[in-house]
Amino acid sequence: MSFTIAIIGRPNVGKSTLFNRLVGQKLALVDDEPGVTRDRREGSARLGDLEFTVIDTAGLDEGAKGSLTARMQEQTEAAISLADALMFVIDARAGLTPNDRAFADFARRANKPVVLVANKSEGKHGEIGAMESYALGLGDPVQISAEHGEGMSDLYDALAALMPEPVDESETFDDDDIISDEDIAQRPIRVAIVGRPNAGKSTLINHLLGEERLLTSAEAGTTRDSISVEITWQGRDFRVFDTAGLRRRSRIEEKLEKLSVADALRAVRFAEVVVLMMDAQNRFEEQDLRIADLIEREGRAIVLAVNKWDLMERKPHLISALRSDADHWLPQVKGVPIVAVSGLMGEGIDRLMTAIQDAYAIWNKRVPTAALNRWFEQAVDANPPPAVSGRRLKLNYITQTKGRPPSFVLFCSRADAVPQSYLRYLTNSLREAFALPGTPIRITLREKANPFAHKRKRPS
């Protein structure tokens with residue numbers, strides 16, 4: 001089992017910057033504003049030959065019971081209980097504060113090894129603040145600059161003294177080993193949950209986990225970082241990303257929200273299936289359609305989840321009306337699966353997880369070439385391509401180049417002259433013929449080489 005270290009301290013001392021330094025990626029949002037981090041985030045860290053799991057936490061701060069600040073501290077306490085050791089971070093430039101002293105007592109009560117890290121120690125001011133930290137009684141401070149990468153060798157020595165001896169793994173793996181389709185089928189499906197603010201994304205994930213893993217609030221914009229969690233449902237593993245709510249670009253003004261939105265978009269690009277969550281009482285609004293179009297352009301499998309279904313008055317044919325609305329508003333992903341759910345009450349969760357697996361299977365689907373060209377001949381015979389500028393277009397054959405999403409190459413005589421309307425006809429016909437509902441389909445046009453192009457015409 002991996003050795004786990006939680007990074008704790010008061011707000012704005014550089015915990016997320018240190019986390020990003022250790023994992024080697026800018027996963028956690030970083031800003032000068034205190035309290036950016038709210039949910040705890042885990043990552044695989046590496047420092048020299050040391051490999052361990054690191055947890056970034058919200059800044060330790062006092063708040064009224066039940067408030068967002070108090071629940072953020074509960075998340076930090078949960079991270080401490082999961083950790084094997086703690087990194088207590090202080091701001092060396094600011095020196096010791098009463099909160100540092102109070103939370104140092106909190107760290108001692110955890111009864112776990114503690115590494116005192118004096119961050120922002122570059123320069124004379126940092127040196128003075130680091131010396132003050134001896135008063136905390138947590139041992140010698142490790143002076144670093146997480147932003148500039150200074151002092152990492154000293155941090156390595158401090159962590160190496162805490163961690164168990166690495167196990168000598170005699171088993172080696174050949175780079176030429178072939179990964180079977182069965183192994184690929186057992187890999188976790190990467191799922192991103194996206195939508196407008198306050199659509200209920202975090203509440204849904206908490207219900208899937210069976211615990212209050214992610215912070216929720218009636219206030220829009222509670223989630224900032226894109227947090228990933230591991231979920232097992234009926235024997236299948238999923239890696240689910242909770243994301244910040246996506247508002248219209250014209251309404252995004254604060255720098256922090258811009259960073260949150262960029263993080264959410266990165267989660268969409270990393271995902272294999274994207275669940276677009278809509279509010280049942282305000283579904284298919286303009287921003288929902290924009291987000292769906294973004295997912296389609298990124299080429300990800302898409303599932304629509306209409307949340308807060310428990311608040312709707314149950315009427316006959318309401319579900320079929322959802323299906324009709326989805327096909328009307330999102331013709332580019334015709335047949336996209338749509339599921340009515342209640343993240344709070346747990347209604348429709350099984351149907352949602354089944355829809356995610358079905359969408360993932362369709363997204364990976366490959367069509368046999370022989371069947372593909374039989375369909376192609378019938379489709380062209382039933383609706384021949386129009387003549388452009390008085391010249392007939394000749395479509396030769398089609399082949400699938402890859403899945404994820406299903407992508408095809410169509411060989412023809414004049415690629416630039418094929419109308420978009422005819423490509424839409426072929427795309428919709430492909431969906432119906434090979435059961436590809438809802439998934440993005442890519443058709444690339446390529447001109448077949450003309451064997452007589454090099455010959456010049458005879459002079460008349």
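At what angle do helix α12 (residues 369–382) and helix α13 (residues 420–434) pack, and how far apart are their axes? In this predicted model, where local features need pLDDT of at least 70, side-chain atom pairs count only at pLDDT 80 or more, and totals for chains, interfaces and linings use all residues, the angle is about 130° and the axes are 11 Å apart. Residues are numbered from 1 along each chain as its sequence is written, and side-chain values use heavy atoms, with hydrogens and water left out.

Helices (H or I, at least four residues) and strands (E, at least two) are DSSP runs, numbered from the N terminus. Axes are lines fitted to C-alpha atoms, for helices over the stretch in contact, and angles run from 0 to 180 degrees between N-to-C directions. Angles under 35 degrees count as roughly parallel, over 145 as roughly antiparallel, 65 to 115 as roughly perpendicular and the rest as oblique. The pair α12 and α13 is therefore oblique. Contact (heavy atoms within 4.5 Å) involves Ala 371, Leu 372, Trp 375, Ala 379, Val 380 and Ala 382 on the α12 side. From α13 come Tyr 422, Tyr 425, Leu 426, Ser 429, Leu 430, Ala 433 and Phe 434.

A second pair is formed by helix α7 (residues 201–209) and helix α11 (residues 349–363), which pack at about 95° with axes 12 Å apart. This angle makes α7 roughly perpendicular to α11. Here Leu 204, His 207 and Leu 208 of α7 meet Ile 349, Leu 352 and Met 353 of α11.

Helix α9 (residues 286–298) has 13 residues and spans 19 Å from first to last C-alpha, close to the 18 Å expected at 1.5 Å a residue; the expected span is 1.5 Å times one less than the number of residues. Among its buried residues are Leu 289, Ile 291, Ala 292, Leu 294 and Ile 295. Buried means under 20% relative accessible area, exposed over 50%, and partly exposed in between (1.4 Å probe, protein chains only).

Two loop residues remain. Ser 133, between α4 (123–132) and β6 (142–143), is buried because its relative accessible area is 0%. Its side chain reaches the backbone oxygen of Ala 130 at 2.5 Å. Beyond neighbours within four places in sequence, Ser 133 is in contact with Ile 90, Leu 96, Leu 116 and Pro 141.

Arg 392, in the loop between α12 and β13 (395–402), counts as exposed because its relative accessibility is 66%. Arg 392 and Arg 414 are 22 residues apart along the chain, with 9.4 Å between their C-alpha atoms.

Note on methods
A polar contact is a pair of N or O atoms within 3.5 Å; within protein, one must be able to donate a hydrogen and the other to accept it, and residues adjacent in sequence count only if both atoms are side-chain atoms.
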